[in-house]
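Here's a quick tour of two parts of this model. Have the structure open while you read.

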Amino acid sequence: MTTTTASDLELRDLSKHYGSTVALDHTDLHVPAGSFTAVVGPSGCGKSTLLRVLSGLEPVTSGALLADGADLTRVPAGERGVAMVFQDYALYPHMDVAANISFGLRLQARHRRDRQPSRAEIARRTQEVAEMLELDELLRRRPDQLSGGQRQRVALARAVVRRPPVLLLDEPLAALDAQLRISARAGLQRLHREIGATVLMVTHDQHEALTMADHLVVMRDGRVVQADRPEQVYAQPVDRFVATFVGSPQMNLQPGVDGGLLGWRAEDGRLLEPGEAAPAGHLLVEGTVELCEFTGSAQDVVCRDGRTSFTLRQHVGTVWLRPGDPVRCVVAPQRLHRFDRDGRRLG
């Protein structure tokens, strides 16, 4: 398939209000051209509104939206070079797969005589994208004759066939069962490599975001809190919110000096042997096992120390813990995260 020229996106001081409700609050964001960017955050933080503003479905209240330096803020949705895949797929039930995929191209041919694709071009591109997404045997079926995974691929094909510089995905895998999500994630990553577009995906699934994206955006209360490579966001969260939101289980936090907090990941704690002393400079954490969760390759152990709790991840082959067991573990100083009394990262 012919690759697309990806667009670099930039939001400058962008706000979106619905009456007195602020959905986006003076948001600044840079989305690198050709990136697979995942947007995460709690419900109501503005993730889906961000996509709707980028697509042109919603006008902005203030600020600017740029693509490759060109101002798109007031450009109509149909002229932005942006395609969007909705969470519910929004397929036309009376059309077969081929007609659903080619609908946008046929609409363009009807209304834009100067840039219209010919019927032969529409048929060729429809067949091409159907083969890429393994839909070529289903072109004469209607949506009610398809599985959830097949409908998801049809929705993607309808967006991709337009060869957009920017592809927006709003919870594209949310309606799929666990097994289908695994194969669909691989399919989306392969699709991104093949079409070369800038992909911006909103998701509630942290595993999805961390494993699929090469650029991660964390939002809260209508603002971007942190945007960086997923491994950088995980390893160096800018504040307490990002530290506890990104990652499962969430980061352990406990009181530090001067009213601040010390944080550490579940996999960074090392269980001490009976009678073993804590190494100098290491943080010593003690408690009693409350809950053990077997995850297949590891055991997540929730422990309590007085009024606080912490989670320790033990991999298969190490000591297997049970509720009621005493726990002593240490965390190396280089694995500790320090936050001030306002929750901002130190150092």
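## Strand 12 and its partners

Strand 11 (residues 252–255) runs antiparallel to strand 12, with four bridges between them; strands here are DSSP E runs of at least two residues, helices are H or I runs of at least four, and both are numbered from the N terminus. Two strands count as paired if DSSP finds at least two bridges between them. Pro255 has Leu261 of strand 12 as its bridge partner. Five residues sit between the strands in this hairpin, and Asp258 has a positive phi near 55°.

Strand 12 also runs antiparallel to strand 18 (residues 337–339), joined by three bridges. There, Gly263 sits opposite His337. Strand 12 (residues 261–264) is covered on both faces, with Leu261 and Gly263 buried on one side and Leu262 and Trp264 on the other. Buried means under 20% relative accessible area, exposed over 50%, and partly exposed in between (1.4 Å probe, protein chains only).

Gly196 follows helix 5 with a positive phi near 75°.

Met132 belongs to helix 3 and counts as buried because its relative accessibility is 15%. Its C-alpha lies 8.1 Å from that of Leu191, 59 residues away along the chain.

## About the model

This is a predicted model: local features need pLDDT of at least 70, side-chain atom pairs count only at pLDDT 80 or more, and totals for chains, interfaces and linings use all residues. Residues are numbered from 1 along each chain as its sequence is written, and side-chain values use heavy atoms, leaving out hydrogens and water.
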